[in-house]
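Try each task yourself before you read its solution.

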Amino acid sequence: MKYANHVCEMINAFSPAPLQINQMAEFYCEDTMEYRTSDKYNSPIEDIIDLCSNEEEYSACLLLGHRGCGKSTELNRMTQRLIHEGYHVKTVNCGMDLDLFNIVYSDLFILMGEALLQIAEESECRIGNAVLEKIKNFWVDGMETRIAQETAAISAEEGITVENKGILAGILNLFVKIKTDLKFNEETRKEYRQKISVRSSEWIGILGHIADEIAKKTGGKRPIIIFEDLDKSIRRMHGKYFTIMRQSYQECGFQWYTRSRSGFLTMCGFQRWRAILLPRHCQ
């Protein structure tokens, strides 16, 4: 994307895609949020950032708005700011990793595990070998023999043992296989979902431990995960799914955001929901 110098070039100066972090300085207008909300002093994004800054409260937030209202651009800009302030932020592309026409809350628990481990690896945060072994065993124990053998084979290839430093990288490779099965393998998908359903407390405990270790390294700043493209499936994941997700994610100790296409920005704290209108005429 580039500026137009002539009228005939204007069509090329517009892009339907959200602004990326490396485009903010050149193309983002500082008054954008004021024009969106008709409020010079209050911003829904600032509300989310305030929740992120509260080390005493865990938060799960839903960012909602009609298509093209600027949700992705604003969250990309928020990501830039939070990273600058020392937070670890990871965006998960649900459209790439999951079948958006067949998605349940347990799938997101799996993606959260991978995202937290990626943050730990990138930030050089030490996760104890005992915890990493617990993660590996979580996905091998009780699985159908063929799947367990394939997982064990990957473990061997990557050198996943408590004696070496390759265990984290190897587990991340396990998640690559798990995501592939979630998207394309119906039989294995059911097994993964059943495992999360039956042992959700154990998995939540693991995620919470990783999140706490990351927060220790950043002076109490908890990791933040943004789910991209979940809006395409949000109507399928209403009612009990969001209730379970909200309660469970708060127990994990980190923030959660997603986007949708209604006319509202909705935020969830511990005991309350907030709804802020994003006017349709503001782009």
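**Exercise 1. Find which residues have the most contacts inside the largest nonpolar core, and which elements build this core.**

Solution. Keep in mind that this is a predicted model.
- Start with the membership: the largest nonpolar core holds 41 residues.
- Next, look for the residues with the most contacts inside this core, which are Leu 117, Ile 135, Trp 139, Phe 175, Trp 203 and Phe 227.
- Then assign elements: two or more residues each come from α6 (105-122), α7, α9 (167-184), α10 (186-198), α11 (200-217) and β3 (224-228).
- Helix α6 gives the largest share, eleven residues.
- To see the packing around one member, take Leu 117: beyond its neighbours within four places in sequence, its contacts are Leu 132, Ile 135, Leu 168, Ile 171, Leu 172, Phe 175 and Ile 210.
- Finally, a second, separate core has 13 residues, including Met 33, Met 78, Val 89 and Ile 224.

The general background is that nonpolar side chains tend to be buried together in soluble globular proteins.

**Exercise 2. Classify the ring pairs Tyr 105 with Phe 109 and Phe 175 with Trp 203.**

Solution. Two quantities describe a pair of aromatic rings: the distance of the centres and the angle of the planes.
- There are seven aromatic pairs in the count.
- For Tyr 105 and Phe 109, the centres are 5.8 Å apart and the planes meet at 80°, so this pair is edge-to-face.
- Both residues, Tyr 105 and Phe 109, belong to helix α6 and are four residues apart, about one turn of the helix.
- Tyr 105 counts as buried at 14% relative accessibility, and Phe 109 is buried with a relative accessible area of 1%.
- For Phe 175 and Trp 203, the centres are 6.4 Å apart and the planes lie at 40°, so this pair is tilted.
- This pair links distant parts of the chain, with Phe 175 in helix α9 and Trp 203 in helix α11, 28 residues apart.
- Phe 175 counts as buried at 1% relative accessibility, and Trp 203 counts as buried at 1% as well.
- Ring pairs also join Phe 138, Trp 139, Phe 175, Tyr 192 and Trp 203 into a cluster.

**Exercise 3. Find the rings with a charged end over them, and describe the surroundings of Arg 189.**

Solution. 
- The charged end of Lys 195 sits over the ring of Phe 138, 5.6 Å from the ring centre.
- Over the ring of Tyr 87 sits the charged end of Lys 221, at 5.4 Å from the centre.
- Arg 189, in helix α10, is buried, with a relative accessible area of 4%.
- A polar atom of the Arg 189 side chain lies 2.6 Å from the backbone oxygen of Leu 182.
- Not counting residues up to four places away in sequence, Arg 189 touches Asp 99, Asn 102, Asp 181, Leu 182, Lys 183 and Phe 184.

**Exercise 4. Decide whether Glu 124 is buried or exposed, and examine its phi.**

Solution. 
- Glu 124 lies in the loop between α6 and α7.
- Its relative accessibility is 68%, so Glu 124 counts as exposed.
- Phi of Glu 124 is near 55°, a positive value in a residue other than glycine.
- For background, most residues other than glycine have a negative phi.

Conventions
Residues are numbered from 1 along each chain as its sequence is written. This is a predicted model: local features need pLDDT of at least 70, side-chain atom pairs count only at pLDDT 80 or more; totals for chains, interfaces and linings use all residues. Side-chain values use heavy atoms; hydrogens and water are left out. A nonpolar core is a set of buried Ala, Val, Leu, Ile, Met, Phe, Trp, Tyr and Cys residues joined through side-chain atoms within 4.5 Å. Buried means under 20% relative accessible area, exposed over 50%, partly exposed in between (1.4 Å probe, protein chains only). Contact means heavy atoms within 4.5 Å. Rings of Phe, Tyr and Trp (its six-membered ring) pair if their centres lie within 6.5 Å; planes under 30 degrees apart count as stacked, over 60 as edge-to-face and the rest as tilted. A charge sits over a ring if NZ of Lys or CZ of Arg is within 6 Å of the ring centre and within 35 degrees of the ring normal. A polar contact is a pair of N or O atoms within 3.5 Å; within protein, one must be able to donate a hydrogen and the other to accept it, and residues adjacent in sequence count only if both atoms are side-chain atoms.
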